[in-house]
Amino acid sequence: MTCIQCGGKLTAKRENYRYTACGLSNVTLVGVEVRRCAKCGDHEVVIPRIEELHRVLAAAVVRQASRLTKDEIRFLRKYLGYSGVDFAKVVGVSAETISRWENGKEKMGSSAEKLVRMLVVHTQPTHPYPIETLATITEERSPKPLGVRPKGNSWVQHELEAA
């Protein structure tokens with residue numbers, strides 16, 4: 001394996017990798033292959049089955065007991081495959097409202113949030129998500145680190161130790 005930046009040799013190692021490319025700041029991929037170039041310092045991460053990874057992330061996000069953050073709303077919209085305009089039509093609000101939610105200028109209403117959570121749950125095969133769970137969502141938001149790791153041909157949520 002050679003580095004695409006400088007042509008140097010890449011060495012591969014399993015490690016935890018902070019995965020911000022999905023748009024969420026609190027995701028760590030646990031024990032994935034990371035290839036690093038000793039010559040220029042560039043690196044690449046091997047992410048198998050990325051669609052499955054995003055399915056696991058979306059399920060973990062909607063199962064949290066706290067309200068959705070702006071980044072989580074954007075991630076879920078993209079996960080569902082909607083443009084801002086199409087997402088607005090599905091949720092029943094204006095495209096401007098979607099933009100304000102995703103930019104943090106306006107809070108998403110609880111009814112809209114419940115609808116988005118149910119959209120995510122019902123557009124994928126996932127573990128049961130009882131309606132009663134929606135009633136336990138709290139107003140407080142303390143970002144909890146979210147770890148995911150490969151397991152067989154899939155991804156599973158992985159509890160991270162507090163730093």
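Figure 1. Thr-28 has its place in strand β2, and the model in which it is seen here is a predicted one. With a relative accessible area of 18%, Thr-28 is classed as buried, because the cut-off for that class is under 20%. Once residues up to four places away in sequence are set aside, Thr-28 touches Asn-16, Tyr-17 and Arg-18, and also Leu-146, Gly-147, Val-148 and Leu-160.

Figure 2. Tyr-17 is found in strand β1, which covers residues 10-18, and its relative accessibility of 19% places it among the buried residues. Apart from neighbours within four places in sequence, the contacts of Tyr-17 are with Val-27, Thr-28, Leu-29, Val-32, Val-34, His-43 and Val-45.

Figure 3. Arg-35 lies in strand β2, and its C-alpha atom is separated by 5.3 Å from that of Thr-11, a residue 24 residues apart from it along the chain. Leaving out neighbours within four places in sequence, Arg-35 is in contact with Met-1, Leu-10, Thr-11 and Ala-12, as well as with Asp-42, His-43, Glu-44 and Val-46.

**Figure 4. Arg-49 in the loop that leads from β3 to α1.** The loop that holds Arg-49 lies between β3 (43-45) and α1. Phi of Arg-49 is near 50°, a positive value in a residue other than glycine. Arg-49 is partly exposed, its relative accessible area being 28%.

**Figure 5. The largest nonpolar core and the contacts of Leu-57.** Of the 34 residues that form the largest nonpolar core, those that touch the most other members are Tyr-19, Val-27, Leu-29, Leu-57, Leu-76 and Val-148. Two or more residues of this core come from each of β2 (27-37), α1 (50-63), α2 (70-80), α3 (84-91), α4 (95-103), α5 (110-122) and β4 (146-151), and α1 gives the most, with seven residues. In soluble globular proteins, nonpolar side chains tend to be buried together. When neighbours within four places in sequence are left aside, Leu-57 is in contact with Tyr-19, Cys-22, Val-27, Phe-75, Leu-146 and Val-148.

**Figure 6. Buried residues of helix α2 and the residue that follows the helix.** In α2, the buried residues are Glu-72, Ile-73, Phe-75, Leu-76, Arg-77 and Leu-80. The elements that cover these buried residues of α2 include α1, α3, α4 and α5. Just after α2, Gly-81 takes a positive phi of about 90°.

**Figure 7. The crossing of α2 and α5.** The axes of α2 and α5 come within 11 Å and cross at roughly 40°, an angle that makes α2 oblique to α5. The crossing of these two helices, α2 and α5, is left-handed. On the α2 side the contact is made by Leu-76, Tyr-79 and Leu-80, and on the α5 side by Val-116, Leu-119 and Val-120. By class, the residues of the contact of α2 with α5 divide into six nonpolar, no polar and no charged.

**Figure 8. The crossing of α3 and α4.** The axes of α3 and α4 come within 8 Å and cross at roughly 105°, which makes α3 roughly perpendicular to α4. In this contact, Gly-84, Val-85, Phe-87, Ala-88 and Val-91 of α3 meet Ala-95, Ile-98 and Trp-101 of α4. The contact of α3 with α4 has seven nonpolar residues, one polar residue and no charged residues.

**Figure 9. The chain from which the close-up views are taken.** The secondary structure of the chain comes to five helices and five strands, and along the sequence these elements follow the pattern β-β-β-α-α-α-α-α-β-β. Of the 163 residues in the chain, 36% are buried. Among contacts in the chain between residues at least 6 apart in sequence, 56% join residues at least 24 apart.

Note on methods
Residues numbered from 1 in each chain as written. Predicted model: local features only at pLDDT ≥ 70, side-chain atom pairs only at ≥ 80, totals over all residues. Heavy atoms only, no water. Core = buried A, V, L, I, M, F, W, Y, C linked by side-chain atoms within 4.5 Å. Buried < 20%, exposed > 50% of the residue type's maximum accessible area, 1.4 Å probe, protein only. Helix = DSSP H or I, 4+ residues; strand = E, 2+ residues; numbered from the N terminus. Contact = heavy atoms within 4.5 Å. Axes fitted to C-alpha atoms, helices over the stretch in contact; angles between N-to-C directions. Parallel < 35°, antiparallel > 145°, perpendicular 65-115°, else oblique. Left-handed = near helix turned anticlockwise from the far one by under 90°. Nonpolar A, V, L, I, M, F, W, Y, C, P; charged D, E, K, R; others polar.
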